[in-house]
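Have the 3D view open as you read.

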There are 2 protein chains.
Amino acid sequence: MTDLVYWNWIASKSWLTPIVAAATESEVDVEAESGSLILAGVLLSLVIVYFASKLGGEICARIDLPPVLGELVGGVLVGVSAFNLLVFPESGCTADDSLIISFLQQTAGLTPEATPHVFASYSEVISLLSELGVIILLFEIGLESDLKELIRVGPQAAIVAVVGVVAPFAMGTAGLVYVFDVPVIPAIFAGAALTATSIGITAKVLAEIGQLSSEEGQIIIGAAVLDDILGIVVLAVVASLVKTGEIQITNVVYLILSAGVFLIGSIVIGRLISPLIVGLVNEMKTRGQVLLTGLSFAFTLAYIANVIQLEAILGAFAAGLILAETDKRKELEEQVIPVADILVPVFFVCVGAKTDVGVLNPTIPSNREGLAIAAFLIVVAIIGKVITGFTLFGNGEINKLAIGVGMIPRGEVGLVFAGVGSASGALSEATEAAIIVMVIVTTFVAPPFLRLVFKEPEEAKETPATTEN
Amino acid sequence: MTDLVYWNWIASKSWLTPIVAAATESEVDVEAESGSLILAGVLLSLVIVYFASKLGGEICARIDLPPVLGELVGGVLVGVSAFNLLVFPESGCTADDSLIISFLQQTAGLTPEATPHVFASYSEVISLLSELGVIILLFEIGLESDLKELIRVGPQAAIVAVVGVVAPFAMGTAGLVYVFDVPVIPAIFAGAALTATSIGITAKVLAEIGQLSSEEGQIIIGAAVLDDILGIVVLAVVASLVKTGEIQITNVVYLILSAGVFLIGSIVIGRLISPLIVGLVNEMKTRGQVLLTGLSFAFTLAYIANVIQLEAILGAFAAGLILAETDKRKELEEQVIPVADILVPVFFVCVGAKTDVGVLNPTIPSNREGLAIAAFLIVVAIIGKVITGFTLFGNGEINKLAIGVGMIPRGEVGLVFAGVGSASGALSEATEAAIIVMVIVTTFVAPPFLRLVFKEPEEAKETPATTEN
């Protein structure tokens, strides 16, 4: 047997199956037979993602809501809550739940034996494209940010981040213990789930309304980045508390140190080597030199951030910040836009598709206890972040309300708390469902709120839009 | 258990493993633990792909060879033949062969238990990105082609395609039987492997030297597309011949009909609905409307082509041709370029990485018989295509040599013949190795040859370059 043969290609030609199968039963197994069907699944999924993102985005743009909200809602429609077109194994779905799989079975001759592998594989690819999407998004946000401005507003961003972690955590935990009689450990878990802002959604909305490079926008981005790190630290603290009853100081110190060393180190070293990168790019003669060099830099930092147990998106953001200071910024920004256009919707539609809005249904009795707790958590989640802006004394001109509102959306990290809490046995089903509802609602209400609070000052100041709508 | 939890995220935080594992042994299995490591593997692989493509491409650009040749050679260097950075399960490699896996084990805490799944998953994602790369390449080639010109040169392209299939097939089969005493069936197989041109490599070189929209370029593209279809038909004929000793007419008729109906049907229907698509795009207000609509159209046609047992790339090419006739052509072309820049190198580097040049080593005695046959096949492969241009009588002005040279590179389809032949037991090891060597050599010599034969007329005519180098 050669090692060069493209079994996928062969397998796609069903008239070849008898001849090949007869001779190579051991080699052409179910996995190989499904190669071109995985491609078919990916192509179909992408068409559905683009359709959902544009349908939702266009409707939202017309009723003056942020398009990204439409992408999320479009994702919900094609996802596990409604039409079951895009469903994922990690959401507990099987191939039988997927309409894409049914379609492949009917049109592309997908066999029942190959179905689980095809489903797992194309879902893996789409999930990965979605992760690349949020990495590209943060790279783009970094490119559109201004490192000097971020450093200038750093102290304010730090205050916003810390208050935005402490306030909802304290209010949420205390309220659950004293009002809802939740035991202390699950209350701490739920309180901790209220801490971390979803940087992706906020940044996307800011870009859409042209407020990314405003002072408020930069404070929000800076605070959201710090928040992401603080969220990981809080998770480490709470997790060790549940496990051992005490806080493992070494982990916490390691996380804070590694985050600090990474962010400061990558920017310091990055600024030193970025002239070399630019010099190299200027010497290159082949197509795509700016984009591929920039992305290689971003992917390298994302890899490092991922490996030291931070988020890959923090590495991509740092890479964007560093390259934004070079004279390739404009060219790179222009070339990143189409790449972001094809990958970022995969992220937002997948977030929506993975969200099971069934927990919001009050007609199911078992949801009701959770919904009561959820209502409380939502109020705390919103108030706990909205107040953060007003802790910035002596900054008369900035839109303090907008800063707080920008911190409202919770995302993945909140869901991780729910999952870890549930897995460790600390959270009741009702509390876990309540956290999920809180994440859904804050994620979906923040974009229109944010647009609303930025509206008047935007019109007054006539800030130029940095990103087209 | 919630279905919303992102286990990948959790699994990436190793300090969470004890607490989570204790409670959810059944749920957080090896597959889930490896989520963020798959992302890490993809990020590393992409950095390596971009590095290899730019290193090879830049060196070739400096010594006046086509950059795509450099991408292929760069792929060979990082692939199974040399540094083992990018290796693939379908080439018979295991995780132990991969340097990326070793690196992940050392830097990212990849465990031996999770290794096979991580290796299989990120390799699957990279293979899929490479397939998307060649789909995007053919979409871009379609956009840069001119349907009217293609139809005008259609008869010439058909002659080139048919002669380019019949001549090498007849010469190769006869030579093997009468000179090398190869039995008839394997000789037919090897002869059939000489038929199909690799459209991707030829098209990329034509674009690089600015000859895609020349008359010669359009004849080559048209002939290569027809060739691809003829190659599939020939494979069906030979495969049924080997299996049953006779030709299954129904399959052959089905394939020819479905290819004809698909190409003509998609273009006719596509031209009818393309004004609707343009109208829809003009109504859209959100970012990326042109690109996402265009890609959705291309992916849909690629899906259909894939499902009816043609090649996905034919669908993408047809979509490009159709949209090239609309007034969105220029905008779409500009936006597809960065997308092609990040995905197309994945294809070429992977082709190189999957090529085992070990079969070319004459110091290994078992290679020698194969190399003798290979030398014959290479000569036939080159002569059999070069003559095609000279069958175009009465076209005094076109570069007939260039047309023939443009048809030289064989690609995936040739390898498929080798694989199917070997799997069916029809081909000896030596003949199989000879086919592989023929594919490697024709693929690698065609780009510089093509550049050479186009050089003088290009300078004389000063054809404007449609794609930057």
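## Ground rules

Axes here are lines fitted to C-alpha atoms, for helices over the stretch in contact, and angles run from 0 to 180 degrees between N-to-C directions. Helices (H or I, at least four residues) and strands (E, at least two) are DSSP runs, numbered from the N terminus.

This is a predicted model, where local features need pLDDT of at least 70 and side-chain atom pairs count only at pLDDT 80 or more, while totals for chains, interfaces and linings use all residues. Residues are numbered from 1 along each chain as its sequence is written, chains are lettered from A and ligands numbered from 1 in the order in which they are written, and side-chain values use heavy atoms, with hydrogens and water left out.

## Across the chains

Start with helix α4 (residues 35–62) of chain A, which packs on helix α7 (residues 115–144) of chain B at about 70°, the axes being 11 Å apart. That makes α4(A) roughly perpendicular to α7(B) (the label covers angles from 65 to 115 degrees). Contact means heavy atoms within 4.5 Å; α4(A) brings I38(A), L39(A), V42(A), L43(A) and L46(A), and α7(B) brings E124(B), L128(B), E131(B), L132(B) and I135(B).

Sorted by class, that contact has eight nonpolar, no polar and two charged residues. Ala, Val, Leu, Ile, Met, Phe, Trp, Tyr, Cys and Pro count as nonpolar, Asp, Glu, Lys and Arg as charged, and the others, Gly among them, as polar.

## Inside chain B

Helix α14 (residues 289–307) and helix α16 (residues 329–354) of chain B have axes that come within 9 Å and cross at roughly 80°. So α14(B) and α16(B) are roughly perpendicular too. On the α14(B) side you'll find V290(B), L291(B) and G294(B), facing E331(B), L332(B), Q335(B), V336(B) and V339(B) of α16(B). The tally is five nonpolar, two polar and one charged.

Chain A has 20 helices and zero strands, and 64% of its 469 residues count as buried (under 20% relative accessible area, with a 1.4 Å probe and protein chains only). Helix α14 (residues 289–307) of chain A is mostly covered, with 17 of its 19 residues buried.

In the loop between α18 (400–406) and α19 (412–423) sits G411(A). G411(A) is buried, at 8% relative accessible area. Leaving out residues up to four places away in sequence, G411(A) touches A196(A), S198(A) and V439(A).

Terms used:
Parallel < 35°, antiparallel > 145°, perpendicular 65-115°, else oblique. Buried < 20%, exposed > 50% of the residue type's maximum accessible area, 1.4 Å probe, protein only.
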